[in-house]
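Please read it beside the model.

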Amino acid sequence: MSEIKFRSDVTVELVRASAADSDVLFAARVSTQGEQTLESAAAQTSAAEDEKRNKGLINYLMRDRHGSPFEHNSMTFYVQAPIFVFREFMRHRIASYNEESGRYKELSPVFYVPGPDRNLVQTGKTGHYEFSPGSAEQIALVEQEARTSSQQAYESYQRMLEAGVAREVARIVLPLNIYSSMYVTMNARALMNFLSLRTKREGTHFPSFPQREIEMCAEKMEEFWAELMPYTYEAFNQHGRVAP
């Protein structure tokens with residue numbers, strides 16, 4: 001049996017992108033300029049003297065929630081995370097997903113164990129939770145139980161595979177903290193909706209309280225997007241992190 005590995009992080013990589021602020025400007029200006037190539041629109045709006053005008057248009061679109069110009073772009077991310085995180089991802093039906101399949105391949109023995117900085121204690125009412133750090137005893141207990149149950153489950157999985165049981169049946173004993181991988185593709189408008197729900201930020205118009213593990217993914221996705229579309233990203237934050 002392969003050596004069991006434990007992780008307390010997630011992996012997010014930007015594998016393909018066709019996304020720039022000029023895509024938003026191009027889409028928005030067709031309403032007043034008619035047919036125009038993306039190349040000529042980009043050339044027109046790339047001069048330094050046009051920066052204020054371009055920022056102003058994106059700010060106006062974001063402020064007044066004219067959302068469709070933010071859809072004419074695409075970003076594809078590769079994500080490695082525990083399966084329980086993917087369940088939350090796929091609540092967002094504004095993206096396209098392809099995940100590795102436990103029916104067609106043997107799943108690798110990689111399991112998530114919360115790191116010592118992960119808050120463990122939950123207090124408050126539904127929808128208004130507060131989380132605080134765990135005690136040293138709680139941290140040790142979570143790590144011990146997660147490691148033990150993961151190892152026992154993967155050994156059961158291996159025994160069934162070795163006995164000739166189909167992968168799609170053997171996988172039923174595996175816990176939610178086993179890692180999976182997927183590609184997820186979305187446009188900037190969809191990503192803003194995702195970030196508004198899956199990150200916790202002060203000063204947002206609609207506060208969100210995401211589970212920390214999906215927020216870890218969201219934060220990494222946000223870093224890539226901020227570099228691709230800086231004007232759009234600035235306007236998103238300026239107007240309370242609400243998707244237009």
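## Helix contact and pockets

Helix 8 (residues 212-228) and helix 9 (residues 230-238) have axes that come within 5 Å and cross at roughly 120 degrees. The model is predicted: local features need pLDDT of at least 70, side-chain atom pairs count only at pLDDT 80 or more, and totals for chains, interfaces and linings use all residues. Residues are numbered from 1 along each chain as its sequence is written, and side-chain values use heavy atoms, without hydrogens and water.

Helices (H or I, at least four residues) and strands (E, at least two) are DSSP runs, numbered from the N terminus. Axes are lines fitted to C-alpha atoms, for helices over the stretch in contact, with angles from 0 to 180 degrees between N-to-C directions.

(Under 35 degrees is roughly parallel, over 145 roughly antiparallel, 65 to 115 roughly perpendicular, the rest oblique.) Helix 8 makes the contact (heavy atoms within 4.5 Å) through Glu222, Trp225, Ala226, Glu227 and Leu228. Helix 9 answers with Pro230, Thr232, Tyr233 and Phe236.

Now the pockets. A pocket is an open set of points on a 1 Å grid over the protein atoms alone, where a 1.4 Å probe fits, with protein on both sides within 12 Å along at least five of seven lines; lining residues have an atom within 4 Å of a point. Grid points are joined across faces, edges and corners, and a volume is the space filled by probe spheres set on the points.

| Largest | about 480 Å³ | Arg118, Pro210, Gln211, Arg212, Glu215 |

Helix 8 gives the most to the lining of the largest pocket, with 3 residues.
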